[in-house]
Amino acid sequence: MQQEALSFLSSSFPSLHHNFPTLSRLRFHNFPALSFKPNTSSSSSSSSSLFKSPDIPSLSSTTTTTETLESSIHEKLIYLDSLGIDFLTLINRHPPLLSTALSAVESVVDYMTTPPINFTLQDFRRLVSMCPELLTSPLTSHTIPVITFLLREVGVDSIFDLRQALRRRPRLLACSVDHQLRPTLYFLQRIGILDPHKHTYLLSCSVEHKLVPRIDFFEKLGFSRRSATAMFKRFPQLFNYSIAENYEPKLNYLMVEMERDVREVLEFPQYFSFSLENRIKPRHEACAAKGVRFPLPVMLKTNEAGFRDTLEVCCDSSPPLKTSRLVTVQKILDL
């Protein structure tokens, strides 16, 4: 395994060897040809300097440096392998690990897997697989400030909740507090999300490239800025959904197939959290076949058995209940 790893490094990262050229290459390629024409007018010192040998790294020093580098990589390979971490996969995804000192890696592992943080090795392996930058980020100037920020400024209640937050979004550990986490926190608070400790998964999102464009999307549909922002305040998970793969197809189905007013999602933004194929379409088709139309929360939030029971109750009710083909929540509750 170890020999295979070193062979892999040689083939995948040839710069490791190119940084240490052979003596012959240094002699014949790195220095211009010298002229040996005598110069009788020059002083003896100038003459001697003319024939002074160029400074060429010795073969022994080059070999020693290469061996030291390979030894360092080998030690990291053995250490990470002992933790059950695939070193080769990791350096393919995050090459800076090659040049990170083993002592720095060990410090991060110790900090994250011992009290008070105390991740299990299984959890730590998952963190590293999703955020390999964790192993190369400076512990005192990066990782500890991130942990401190989450506990003190975001208001994560406990170490248990901290571990939960990092399990859900390991990329938090790769983010800069000053340039990413704190600006996003301020943005969320500014739009009225006053419990950011419940939505730490949003802190790694770019305000400019992810959060604001999603609000803009609903504003372009005709909603006011205040109304669009209120949707995200009511349901912050909405920020996590794709515009092209979630918002657009579900809104198209809502307005075209279901013939509903787009403003219904203002009151029920959770609509976007349900599967179009597995929940929204089957429920709508079942309602349409029975000639009834539920408000979105009634149609989507109940489990399958509850939905079928409600549908049957409505179909068995007297005709006035289905006036205008709309069954209200209050009428269902009154049955």
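Guide: Contact here means heavy atoms within 4.5 Å. The model is predicted, so local features need pLDDT of at least 70, side-chain atom pairs count only at pLDDT 80 or more, and totals for chains, interfaces and linings use all residues. Residues are numbered from 1 along each chain as its sequence is written, and side-chain values use heavy atoms, with hydrogens and water left out.

Start at Phe239. Leaving aside neighbours within four places in sequence, Phe239 is in contact with Phe187, Leu188, Ile191, Ile193, Leu202, Lys210, Leu211, Arg214, Ile215, Phe232 and Tyr247. Phe239 also belongs to the largest nonpolar core, which has 86 residues. Such a core is a set of buried Ala, Val, Leu, Ile, Met, Phe, Trp, Tyr and Cys residues joined through side-chain atoms within 4.5 Å. Buried means under 20% relative accessible area; exposed is over 50%, and partly exposed lies in between (1.4 Å probe, protein chains only). Leu166, Phe218, Phe239, Tyr271 and Phe272 have the most contacts inside this core. As background, nonpolar side chains tend to be buried together in soluble globular proteins.

Now the rings. The structure holds 12 aromatic pairs. Phe217 and Phe218 form one that is edge-to-face, at 5.2 Å centre to centre and 90° between the planes. Rings of Phe, Tyr and Trp (its six-membered ring) pair if their centres lie within 6.5 Å; planes under 30 degrees apart count as stacked, over 60 as edge-to-face and the rest as tilted. Both Phe217 and Phe218 are buried.

Thr184 lies in helix α11, residues 177-190. Helices (H or I, at least four residues) and strands (E, at least two) are DSSP runs, numbered from the N terminus. Thr184 counts as buried because its relative accessibility is 1%. Its side chain reaches the backbone oxygen of Gln180 at 2.9 Å. That is a polar contact: a pair of N or O atoms within 3.5 Å, where within protein one must be able to donate a hydrogen and the other to accept it, and residues adjacent in sequence count only if both atoms are side-chain atoms. Not counting residues up to four places away in sequence, Thr184 touches Leu202, Leu203, Cys205, Val207 and Leu211. Leu202 and Leu211 are also among the contacts of Phe239.

On to helix α8, residues 121-130. Its buried residues are Asp123, Phe124, Leu127 and Val128. Down the axis of α8 they fall within an arc of 135°, so they line one face of the helix. The arc is that of the directions from the helix axis to the C-beta atoms. These buried residues pack against α6 (87-93), α7 and α10 (159-168).

A cis peptide bond joins Pro115 and Pro116, with omega about 10°. Asn118 is found in that loop between α7 and α8. Asn118 has a positive phi of about 60° although it is not a glycine. Its relative accessibility is 39%, so Asn118 counts as partly exposed.
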